[in-house]
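Visitor: Please show me the sequence and the structure. I would like to go through them by question and answer.

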Amino acid sequence: MADAITTPTTRSASARAVRMPRALRGWVLPVALIVLWWAAVRFGWSTSPLLVPVSKVWATAVQQVRSGALFVALSASLWRDLAGFALGASVGLVFGTALGLSRLFEQLFGPTFHTIKQISLFAWIPLISVWFGLGDTAKVVFLSLAAFFPVVLNTFEGIRGVPADLLEVARVLKYSRWQVLLRVVLPSASPSIFAGIHLALIYAWLATLGAEYMLVSGKGIGNTMTDGRENFWMDLVIFGVIVVGLVGFTLNWIASRIESRLLAWRGRSVAAF
Amino acid sequence: MAANDSLALPRPASAGAAPEHGGKAQRHWRPGLHHAAWLLAWPVPLALLLAWYVAARFAWIPPQVLPAPDAVWHTLAELYQSGELQANLAVSALRVAGGFALGLAGGLALGVAMGLSPGFRDYVYPTFKAFSQVPVLGWLPLLMLLVGIDEALKIILIAKASLVPIALNTYKGIQNVPTRYIEVARVLKFTRWQLLSRVVFPAAAAPVWNGIRYGLTHAWLALVVVELLASSEGLGYMIVYGRQLFQLDMVIAAVIVVGAVGFALDKLLALAERAVLRWRKPGL
Amino acid sequence: MAHAGTLSIEHLRKQYEVKGEPLPVLEDITLSIAPGEFVSIVGASGCGKSTLLRLVVGLEEDYKGEILLDGKRVAGTSLDRGIVFQEHRLFPWLTVEQNIRMALLNANLTESEKRRTVREHIGLVGLAGFETAFPHQLSGGMSQRVAIARALVTRPEILLLDEPFGALDALTRAYLQQELHRIWQAEGITMILVTHDVEEAIYLGDRVVVMEPRPGRIRRILPVPLAHPRDRAALSFARVKDDVLQEFTGRPADLAEAPIRRLPDPDAGGGLPPHIRFAI
């Protein structure tokens, strides 16, 4: 569609740009940045110890992988991430379903929930650190919180959004209350519920990092980066950034695949954000 | 009626009950339940408050772990009277405002550029996408090394936090403007500028607005984190300070203020949304 | 063949409460429907015809008067009474076959019996080969056929259809009317069709019930003494249609010219009301 807007002028632009094939265009910027980086090191544009050569980052990466340090840190981060996510998401599902199904429940607990939700997630950490210490328990609690809110909200909306039309069909077919819930309400709400779970995954990963920065005992990729920062090891930090990005990407990708599989019945592509 | 009613999900009470064309069933408007809704909101928070008060009063939990509600209240009042609260609040607010403004401008510019120019998109989008895979917090140690821990760090982090969702949503919003509107504009011989200002931007307004909402939420999130980690003033700092001195009343007071700000931001956004998107059918 | 039900509606009244004021929707509806009969109900919007249907199927309750199916009072929904809505209301997450099966969730049939009857009904509505398609892959007409199959698979005694083809284009509508007629003849159950399309009402119905609005009342019941299959282009058809339409336009057209001399109608079986205009 964007092409429709730009049709009048692309003729001349494409004449110029035609030398760079479309598939390669995406690489220009990253390659240029890396070249710039390499040049900065090679020609000594800066004397700061932070300007580490590209090769050093690579060497550090290799070392981290070989020594198993990456494995230790990443697995620690991931298991906490998934544990917290699973806990928060499942509690969130139950709570969100209750909110959606029962008007009374919503009236009793809804306002309190929405108020507590206003508190920015990370503001909870200091309190959690007092109540649960600085170790894994505290982190998992915090991560559950991070996953809890988006799941509740999306589950609630999904359930409330079940079309009355379909509920009438269930009445005509004499479904029991349980059958209505399992066969009509939950399937109909599933796109929204999945969106909530996807969001929860994103937030949980974000929270994992934050938790590791703030609740410093233990191992994790966030701790690795903090290490690097405190020792001015730029290469380690950059390595950490790349790993974090890759994990984020992978989690996202997995979630999208699962979503598109289970929600194939929707027919149209679900917009990704 | 009762047995079948339980199969019905709670619906926003519809005003009229008379079926019109097609005779779709409408729920009767029950005024009693509506007004009671306001009252029902209170039992849970009040019960929690009571439990808190009792627990603190009878020292079931040491005050360093759970201060009494009135202690929190006093601290809040003190902070307000001494002006400390306002000062820290102002610092935080300014940071968010500055960072968000930067992120907003950058995000809109980037999103529009990617949306309108396929060439630009081809070069920039992959890199942008790669960068956005790293959550805001992933950049923190790197940025700390590069720019230290004063204002620049906070502004940059907040800007980055808001820039990504805004740019992404703006780009998608422009991309998804239905071709049929563009065709109408072509038939009516709109100039390029008219096409953009009269068709593309209004049509993309809703997703762009969504992005802005996300951006503000993330900006606020980033602010709190960065103030918790690397700040000597601001709301986040207040929380950490209280924590380190084991003055939990201060911590809780500051957390309450953080929540209040979050709430205010939400309301502000809702108001602005109503103004900006007046033409949309409600509930979309 | 399912057992066809006898429906008896006596002095049915229904009113809603809007802001404290009672709003009468149906007033003194009395209608007797013989087993296996096809009755069409026509009326303008707001005449309560859909409400009538919803009362019969049990989606609306709280009425005065009697609605009796085979002598038993109607209270709530039942698998004896099926309904096809204007929207197909298929579950989007299920395939065609699964959607039809959904109706048998509470039926006392073995697995293989269920499978068999679902297949039969898919064949009945002419959708063999589409068992594994999802609703979003079907056209409007096909979706509606699935809805009909779903309503019939429970072998109800009476099938209610609430403007089932209203959302479809004219060509599909004509085709589906034909199909519905065929299905009715095959199944032999009682059917009540609500529509605002007079032609459809006459094409399908043994009788046409004309309703008027505010409050909803039966204005007139016309028999449709035409043989099946019905020819929409036939004179006799047009005459019945005229007769029905007249109920809506108020009175026979005031003829500006001199009245045309009436000739005896060769098609009529006798007994046509004298005020029918002679259509040329």
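**Sheets, helices and contacts**

Guide: In chain C, strand β6(C) and strand β7 (residues 158–162) run parallel and are joined by 4 bridges. This is a predicted model, in which local features need pLDDT of at least 70, side-chain atom pairs count only at pLDDT 80 or more, and totals for chains, interfaces and linings use all residues. Residues are numbered from 1 along each chain as its sequence is written, and chains are lettered from A and ligands numbered from 1 in the order in which they are written.

Visitor: Which residue stands opposite V84(C) in β7(C)?

Guide: Strands here are DSSP runs (E, at least two residues), helices are DSSP runs (H or I, at least four), and both are numbered from the N terminus. Two strands pair if DSSP finds at least two bridges between them. In β7(C), the residue opposite V84(C) is L161(C).

Visitor: Which are the edge strands of the open sheet of 6 strands in chain C?

Guide: The order of this sheet is β6-β7-β8-β3-β9-β10, with mixed pairing. Its twist averages 20 degrees from one strand to the next. The strands that pair on one side only are β6 (81–84) and β10 of chain C.

Visitor: At about what angle to β7(C) does helix α1 of chain C run?

Guide: Helix α1 (residues 49–57) of chain C lies across β3 (38–43), β6, β7, β8 (190–195) and β9. Axes are lines fitted to C-alpha atoms, for helices over the stretch in contact, and angles run from 0 to 180 degrees between N-to-C directions. Relative to β7(C), α1 of chain C runs at about 150 degrees.

Visitor: Which residue takes a positive phi in the hairpin of β9(C) and β10(C)?

Guide: Strands β9 (residues 207–212) and β10 (residues 217–223) of chain C run antiparallel and are joined by 6 bridges. V209(C) stands opposite I221(C) in this pair. The hairpin has 4 residues between the strands, and the residue with a phi near 50 degrees is R214(C).

Visitor: How many residues of chain A are in contact with chain C?

Guide: Two residues are in contact if their C-beta atoms, placed from the backbone, lie within 7 Å. By that rule chain C contributes 18 residues, and on the side of chain A the number is 14.

Visitor: Which helix gives the most to the side of chain A that touches chain B?

Guide: Here 65 residues of chain A are in contact with 64 residues of chain B. The side of chain A divides into 43 nonpolar, 13 polar and 9 charged residues; Ala, Val, Leu, Ile, Met, Phe, Trp, Tyr, Cys and Pro count as nonpolar, Asp, Glu, Lys and Arg as charged, and the others, Gly among them, as polar. With 9 residues, the helix that gives the most is α11 (residues 234–262) of chain A.

Visitor: How many residues of helix α10 of chain A are buried?

Guide: A residue is buried if 20 or more other C-beta atoms lie within 10 Å of its own, exposed if 12 or fewer, and partly exposed in between, with C-beta atoms placed from the backbone. The cover of the buried residues of α10(A) includes α4, α9 and α11 of chain A and α7 (140–147) of chain B. Among the buried residues are I221(A), N223(A) and R229(A). Of the 10 residues in α10 (221–230), the number buried is 8.

Visitor: At roughly what angle do the axes of α4 and α7 of chain A cross?

Guide: Helices α4 (residues 69–101) and α7 (residues 136–160) of chain A have axes that come within 6 Å. Their contact holds 19 nonpolar, 8 polar and 5 charged residues. The axes cross at roughly 35 degrees.

Visitor: How many helices are there in chain B?

Guide: Buried residues make up 37% of the 284 residues in chain B. Chain B has 0 strands, and its number of helices is 12.
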